[in-house]
Amino acid sequence: MYSEKVMDHFSNPRNVGEIEGASGVGTVGNAKCGDIMRIYLDIDENQIIRDCKFKTFGCGAAVATSSMATELVKGKSVQEAMEVTNKAVMEALDGLPPVKVHCSLLAEEAIHAALWDYAQKNGITIEGLQKPKSDIHEGEEDGEEY
């Protein structure tokens, strides 16, 4: 059962689309369920996220977590955006069913992937940011839970 907030962000997703000439673009997927999430960031000269948009191919929870993630990082500094975790996304949506927690992990990884792209393009290091995985299950053993 989904919360009202999950249903609202699925039915009326915020910030859908692309940003032309984005400062950073991150794409991640989940080979096990087929979800693919792409986040676009427009970051100003003070490292503040002016705009954030997304395109997601996946289930309702994937769309809802993408939508909420964009809301959580818009207007934040790059460093504040680093602090947006999958738990923060889930809490902002009033929870997710256990089988959909991976969608919030995708949202966190997509933000990090977009920040990584931004850092690479600008030759900077963002404290705490590691090279993102293209698939959230990369490096896992078969049968391991996330």
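Q: Where is N15 placed?
A: This is a predicted model. In it, N15 lies in the loop between α1 and β1 (24-30).

Q: Is N15 buried or exposed?
A: Buried. Its relative accessibility is 13%, and buried means under 20%.

Q: What about the phi of N15?
A: Positive, about 65 degrees, although N15 is not a glycine. Most residues other than glycine have a negative phi.

Q: Which loop holds D94, and what is its phi?
A: D94 is in the loop between α4 and α5. The phi of D94 is positive too, near 60 degrees, and D94 is a residue other than glycine.

Q: Switching to α5. What span should the helix have, and how far apart are its ends?
A: Helix α5 covers residues 101-122, which is 22 residues. At 1.5 Å a residue it should span 32 Å. The end C-alpha atoms are 32 Å apart, so the two agree.

Q: Where is L106, and is it buried or exposed?
A: L106 sits in helix α5. At 0% relative accessibility, it counts as buried.

Q: What does L106 touch, leaving out residues up to four places away in sequence?
A: V28, G29, N30, D35, M37 and I136.

Q: How far is L106 from T27?
A: In sequence, 79 residues. In space, 9.2 Å from C-alpha to C-alpha.

Q: Now the largest nonpolar core. Which members touch the most others?
A: L41, V73, L115 and I126, out of 38 residues. Elements that each supply at least two residues include β2 (35-43), β3 (49-57), α2 (60-73) and α5. The largest share comes from α5, with 10 residues.

Q: You named L115. What is it in contact with, beyond its neighbours within four places in sequence?
A: L41, I43, V78, A81, M82, I126 and L129. L41 and I126 are also on the list of residues that touch the most other core members.

Q: Last topic: how do α1 and α2 cross?
A: Helix α1 is residues 4-11. Its axis comes within 8 Å of the α2 axis, and they cross at roughly 90 degrees. That makes α1 roughly perpendicular to α2.

Q: Which residues meet there?
A: From α1, V6, H9 and F10. From α2, G60, V63, A64, S67, M68 and E71.

Q: And how many of each class?
A: Five nonpolar, three polar and one charged.

Methods. Residues are numbered from 1 along each chain as its sequence is written. This is a predicted model: local features need pLDDT of at least 70, side-chain atom pairs count only at pLDDT 80 or more; totals for chains, interfaces and linings use all residues. Side-chain values use heavy atoms; hydrogens and water are left out. Helices (H or I, at least four residues) and strands (E, at least two) are DSSP runs, numbered from the N terminus. The expected span of a helix is 1.5 Å times one less than its number of residues. A nonpolar core is a set of buried Ala, Val, Leu, Ile, Met, Phe, Trp, Tyr and Cys residues joined through side-chain atoms within 4.5 Å. Buried means under 20% relative accessible area, exposed over 50%, partly exposed in between (1.4 Å probe, protein chains only). Contact means heavy atoms within 4.5 Å. Axes are lines fitted to C-alpha atoms, for helices over the stretch in contact, and angles run from 0 to 180 degrees between N-to-C directions. Angles under 35 degrees count as roughly parallel, over 145 as roughly antiparallel, 65 to 115 as roughly perpendicular and the rest as oblique. Ala, Val, Leu, Ile, Met, Phe, Trp, Tyr, Cys and Pro count as nonpolar, Asp, Glu, Lys and Arg as charged, and the others, Gly among them, as polar.
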